[in-house]
Amino acid sequence: MSLARRVVIHEVGDPEVMRIEDAELAAPGAQEVRVRQTAVGFNYIDVYQRQGKYPLPLPSGLGHEAAGVVEAVGAAVSGFAPGDRVAYMNAGIGAYAEARNVAADKLVPVPGGLSDEQAAAVLFKGLTAQYLLRRTHRVQPGQTVLVHAAAGGVGQILCSWAKALGARVLATAGSEAKCELARRAGADLAVDYSQPGWTQRLLEANGGRKAEVVYDSVGRDTFEHSLDCAAPFGLVVLYGVASGPVPPLDTELLNRKGCLYLTRPSVFPHNADPATLRANAAELFDAVARGWVRAEVSARFPLDEVVAMHRAAQSRATQGAVVLVP
Ligand SMILES: NC(=O)c1ccc[n+]([C@@H]2O[C@H](COP(=O)([O-])OP(=O)(O)OC[C@H]3O[C@@H](n4cnc5c(N)ncnc54)[C@H](OP(=O)(O)O)[C@@H]3O)[C@@H](O)[C@H]2O)c1
């Protein structure tokens with residue numbers, strides 16, 4: 001038995017509900033691996049779960065994604081040995097911790113060219129972009145895609161990967177500086193959606209052409225605009241609700257806006273099967289190696305500053321990928 005510091009919430013609410021506690025860490029079970037975590041990926045879902053918008057049984061740890069070094073392996077584990085560098089994004093809540101036992105089949109090896117921080121910055125968000133661009137809608141060269149919150153962690157990856165796939169990429173973000181980041185990530189056009197009239201400005205700048213697929217992670221503030229930006233028979237992918245949930249929908253609206261399709265997907269079922277997780281991760285790491293996806297860390301916070309990290313994310317002060325360093 002050893003001790004590891006980890007973030008725990010006993011109640012939902014503001015960032016201050018996150019406490020750092022010492023937890024006893026048992027030896028890994030037969031199918032488990034103990035990971036000494038060197039970088040923990042922040043994902044916006046961590047905010048929803050801390051706030052209680054996506055309820056968790058309490059008390060609970062937080063966080064879905066981390067990278068680090070294998071410290072010990074269970075008796076029935078093959079394929080991993082102490083010293084291996086590994087990462088995960090779908091192994092259950094509790095990644096905000098110094099060390100943790102994780103089911104071996106939820107781990108992927110970190111490729112040689114990537115640091116642990118880069119792996120923790122790119123795995124969850126990159127696998128999100130992977131299923132959104134390759135499965136929810138298989139983006140084809142010449143298609144137009146619209147990415148909201150395009151300077152964010154997932155947003156920048158969507159822009160660069162969609163561009164590499166040959167799409168024309170339209171983007172929105174919450175300030176001109178963030179629009180510039182979206183352009184640098186690969187967006188052909190970016191507009192500040194905090195300014196009124198952005199839908200019209202975006203479509204005019206694109207010669208009136210709408211998008212075959214709209215990737216909307218903002219929810220309440222953007223959803224109706226997303227329907228207006230989708231081409232006839234286009235797909236609106238509501239994959240996040242950073243501004244709040246979308247009110248109940250009159251499905252006739254989909255008809256009136258051009259016989260649109262709508263889906264509300266999640267990264268977890270797309271990576272639940274271990275073989276599929278490994279195949280998807282291989283596709284992501286290949287995209288990183290080709291330069292289609294940049295595995296970049298834009299900000300680091302020590303474990304003790306987890307509250308500041310959540311405050312920054314929630315106040316829209318972050319851009320790109322943020323990691324917690326245990
Ligand atoms: N369904 C899935 O499979 C899945 C998987 C991963 C992530 N997601 C979703 O994808 C989105 C991006 O995730 P991420 O981790 O990369 O986070 P992120 O994009 O880095 O951060 C969220 C961004 O949302 C924008 N936003 C718009 N309205 C907001 C509001 N009222 N409050 C806070 N932020 C607001 C902000 O960008 P601006 O300042 O530019 O507006 C903010 O930076 C999140 O909504 C997340 O839940 C979904």
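Buried area, a term for our first stop, is the accessible area (1.4 Å probe) that two parts lose on being put together, summed over both. A word on the model: it is predicted, so local features need pLDDT of at least 70 and side-chain atom pairs count only at pLDDT 80 or more, while totals for chains, interfaces and linings use all residues. Residues are numbered from 1 along each chain as its sequence is written, and side-chain values use heavy atoms, leaving out hydrogens and water.

Start by colouring domain 1 (2-114 + 295-325) and domain 2 (124-267); these bounds come from an automatic or database domain assignment. Their centres, taken over C-alpha atoms, lie 29 Å apart. Contact (heavy atoms within 4.5 Å) involves 14 residues from domain 1 and 17 residues from domain 2. Between them the two domains bury about 1,200 Å², with 54% of that on carbon and sulfur atoms.

Next, select Glu 65 and Lys 125. They form a salt bridge, with the closest N and O atoms 3.7 Å apart; the rule asks for a side-chain nitrogen of Lys or Arg within 4 Å of a carboxyl oxygen of Asp or Glu.

Last stop: Ser 160. Ser 160 counts as buried because its relative accessibility is 15%, and buried means under 20% relative accessible area, with a 1.4 Å probe and protein chains only. Show its neighbours too: leaving aside residues up to four places away in sequence, Ser 160 touches Ala 185, Trp 292 and Val 293.

Methods
Buried < 20%, exposed > 50% of the residue type's maximum accessible area, 1.4 Å probe, protein only.
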